[in-house]
Amino acid sequence: MTEAKDQRQPQRLNKRPEEDVGPPVVEIRNLWKRFGRTVVHQDLNLDIYAGEILTIVGGSGTGKTVLLRQMLGLEQPSAGCVKVFGEDISAAEPEQLQHMRNHWGMLFQQGALYSALSVFDNIALPMRELRALPEDVIRDAVLLKMDMVGLGPEHANKMPSDLSGGMVKRAALARALALEPQLLFLDEPTAGLDPDLSDAFVALIQTLHRELKLTVVMVTHDLDTLFALSSRIAVLAEKHVIAVGPSCDVLRIEHPFIKHFFLGPRGQRALEVLEERHAQNEPED
Ligand SMILES: Nc1ncnc2c1ncn2[C@@H]1O[C@H](COP(=O)(O)OP(=O)(O)OP(=O)(O)O)[C@@H](O)[C@H]1O
């Protein structure tokens with residue numbers, strides 16, 4: 001596929017959220033990412049607005065993780081730019097990048113707790129790295145974060161290997177929230193959880209999103225999680241974002257990946273559950 005041809009492809013839908021939400025928190029413009037001769041992203045554009053939960057979906061290997069890594073400044077774009085909080089990530093000096101990192105949190109797919117550190121020390125780590133907070137302030141803050149994610153103080157001295165899968169996710173979420181970020185990145189937040197634990201974790205993210213007024217950028221394959229949480233969905237295919245908007249709008253787009261992903265048997269089941277929930281929440285006449 002030639003570059004010129006692909007740049008002409010229209011993005012099929014690019015809806016901002018309904019209400020006026022101000023400038024984007026994350027702004028991705030004409031992004032290209034190559035690994036050697038492999039082009040992963042080609043002229044990719046995406047805006048993420050304050051207070052929304054934007055979910056990135058796409059087939060395996062379409063570059064969702066690489067896109068997240070570029071937003072986090074862990075991977076450099078080959079061309080184009082990624083701005084977070086209005087600052088160009090790839091042009092940022094190390095000190096400025098560190099300052100920006102203190103304003104976002106990241107929950108990695110496997111929880112990614114340090115296995116040699118207790119729950120307490122894992123959550124305390126980002127605060128200790130600031131080298132500005134006294135230990136008693138850190139102690140109170142860690143216990144507060146643990147409480148926020150539903151982990152009682154009795155778990156503070158446990159090692160990650162002593163925790164259930166759901167508890168590892170909660171501890172990792174507490175660590176992601178340690179520095180009170182405005183922006184939270186979630187990579188497959190419910191992967192590996194059974195349906196009940198997954199529902200509970202989704203409910204926790206919903207509560208924290210509302211109470212902390214977070215902007216959330218999420219990658220997930222799980223349709224229940226996607227429908228329950230997303231304000232908007234961005235679909236990655238053909239090396240760029242082919243559609244972005246609320247799920248009801250994205251579902252109407254005629255594209256093979258969208259049809260396969262959302263309207264196959266798994267998608268139908270997730271949609272039915274969502275519709276049932278909406279019906280239960282509607283006031284009776
Ligand atoms: N450091 C790297 N060097 C070379 N190629 C890479 C590197 N990182 C990622 N890739 C390639 O970039 C492409 C996109 O990878 P990425 O992990 O972002 O996909 P993904 O959409 O997250 O996939 P999945 O849903 O399976 O996790 C893949 O072809 C991958 O092999």
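Start by selecting helix 2, residues 64-71: with 3 residues, helix 2 gives the most to the shell around the ligand. (Helices are DSSP runs of H or I, at least four residues, and strands are runs of E, at least two, numbered from the N terminus.) Bear in mind that this is a predicted model: local features need pLDDT of at least 70 and side-chain atom pairs 80 or more, while totals for chains, interfaces and linings use all residues. Residue numbers run from 1 along each chain as its sequence is written.

Now show the whole shell: F35, V40, G58, S60, G61, T62, G63, K64, T65 and V66 surround the ligand, each with its C-beta atom, placed from the backbone, within 6 Å of it. Color by class and you get 3 nonpolar, 6 polar and 1 charged residues; Gly counts as polar here.

Next stop: helix 4 (residues 119-129) and helix 5 (residues 135-148). Their axes, lines fitted to C-alpha atoms over the stretch in contact, come within 9 Å and cross at roughly 125°, on a scale from 0 to 180 degrees between N-to-C directions.

Which residues of helix 4 meet helix 5? Pick F120, I123, A124, M127 and R128 in helix 4, which meet I138, A141, V142, K145 and M146 in helix 5; contact needs C-beta atoms, placed from the backbone, within 7 Å. By class, that contact has 8 nonpolar, no polar and 2 charged residues.

Finally, zoom out: the chain has 11 helices and 10 strands.

Key. Contact = placed C-beta atoms within 7 Å.
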